[in-house]
Amino acid sequence: MRTVKKVSCGGVVYRLREGTTEVVLIRVGRRWCLPKGQVEQGEKLPDTALREVREETGLEGKIVTQIGETSYWFTGRNNENEDIRISKRVYFYLMRCLGGDVSQHDHEAEEACWVPISEAIERLSFQTEKSTVAKAGAFLGNKTTKKIHP
């Protein structure tokens, strides 16, 4: 079976609302996940993350820092309907929400919504994304409100 390598980028988008840190999750089918997608040819990783967040959540973000990365394997089919093994690496960035509206998400997400960070960790479908959000929460908790939330 042929192996194909793919690279994706996404974001943990946050806002502070009434003293609570909230993050955006998207729902695809029954799975809750972070917004992410494939890097397009010639595109830089941070630019991919910002674009995918904008498309899948309807939000504009500003990157604060790279917050993590994960790798995994799965099987799929190529354009010729052949079975392939896919090696995927995903880079996640912590992003402060600058504006937008989650109701403006694209067709790839069935739903996009704000949830408190602790609830997000419980709701996410994949352990790697739960860990990424927990890392984002720890990062935000270690920074001053003035520095992170201008």
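A residue is taken as buried when its relative accessible area is under 20%. In this predicted model, valine 13 falls under that limit and is therefore counted as buried, with a relative accessibility of 1%. Valine 13 belongs to strand 1. Apart from neighbours within four places in sequence, valine 13 is in contact with Glu22, Val23 and Val24, as well as with Val53, Leu59, Met95, Cys97 and Trp114. Serine 87, which is 74 residues from valine 13 in sequence, lies 25 Å from it in space, C-alpha to C-alpha.

The largest nonpolar core comprises 18 residues, of which Val12, Val23, Leu25, Leu34, Leu94 and Val133 touch the most other members. At least two residues of this core come from each of strand 1 (2–17), strand 2 (20–28), strand 6 (83–100), strand 7 (111–116), helix 2 (117–123) and helix 3.

Helix 1 contains 13 residues, and the distance from its first C-alpha to its last is 18 Å, close to the expected 18 Å at 1.5 Å a residue. Its buried residues are Thr48, Ala49, Arg51, Glu52, Val53, Glu56 and Thr57. The cover over these buried residues of helix 1 includes strand 1, strand 2, strand 4, strand 5, strand 6 and strand 7. Glycine 58 follows helix 1 and has a positive phi, near 80°.

Helix 3 spans residues 127–141, and the 21 Å between its end C-alpha atoms agrees with the 21 Å that its 15 residues should span at 1.5 Å a residue. Buried positions in helix 3 are Glu129, Lys130, Thr132, Val133, Ala136 and Leu140. Viewed down the axis of helix 3, these buried residues lie within an arc of 160°, so they line one face of the helix. In an α-helix, residues three or four places apart point the same way because there are 3.6 residues a turn. Gln127 and Gly141, on the other side of helix 3, are exposed.

A pairing between helix 3 and strand 5 was examined through two threonines. Threonine 128 lies in helix 3, and threonine 70 is found in strand 5. The two residues are 58 residues apart along the chain, and their C-alpha atoms are separated by 6.9 Å. Threonine 70 is buried, with a relative accessible area of 11%, whereas threonine 128 is partly exposed, at 38%. Leaving aside neighbours within four places in sequence, the contacts of threonine 70 are Lys88, Arg89, Val90, Phe92 and Thr128.

The largest pocket holds about 330 Å³ of space. It is lined by 16 residues, and those closest to its centre are Arg31, Lys36, Glu56, Lys88 and Glu108. Two or more lining residues are given by each of strand 2, strand 3 (31–33), strand 4 (36–38), helix 1 (45–57) and strand 5 (59–77). Strand 4 makes the greatest contribution to this lining, with 3 residues. Glu56, one of the residues closest to the centre of the largest pocket, is also among the buried residues of helix 1.

Backbone geometry was considered last. Most residues other than glycine have a negative phi. Glutamate 18 has a positive phi, near 50°, and is not a glycine. This residue is placed in the loop between strand 1 and strand 2, and glutamate 18 counts as exposed at 79% relative accessibility. Asparagine 81, likewise not a glycine, has a positive phi of about 65°. Asparagine 81 is located in the loop between strand 5 and strand 6. With a relative accessibility of 52%, asparagine 81 counts as exposed, because the threshold for that class is over 50%.

Conventions:
Residues are numbered from 1 along each chain as its sequence is written. This is a predicted model: local features need pLDDT of at least 70, side-chain atom pairs count only at pLDDT 80 or more; totals for chains, interfaces and linings use all residues. Side-chain values use heavy atoms; hydrogens and water are left out. Helices (H or I, at least four residues) and strands (E, at least two) are DSSP runs, numbered from the N terminus. The expected span of a helix is 1.5 Å times one less than its number of residues. Buried means under 20% relative accessible area, exposed over 50%, partly exposed in between (1.4 Å probe, protein chains only). The arc is that of the directions from the helix axis to the C-beta atoms. A nonpolar core is a set of buried Ala, Val, Leu, Ile, Met, Phe, Trp, Tyr and Cys residues joined through side-chain atoms within 4.5 Å. On a 1 Å grid over the protein atoms alone, a cavity is a set of points where a 1.4 Å probe fits but cannot get out, and a pocket is an open set with protein on both sides within 12 Å along at least five of seven lines; lining residues have an atom within 4 Å of a point. Grid points are joined across faces, edges and corners, and a volume is the space filled by probe spheres set on the points. Contact means heavy atoms within 4.5 Å.
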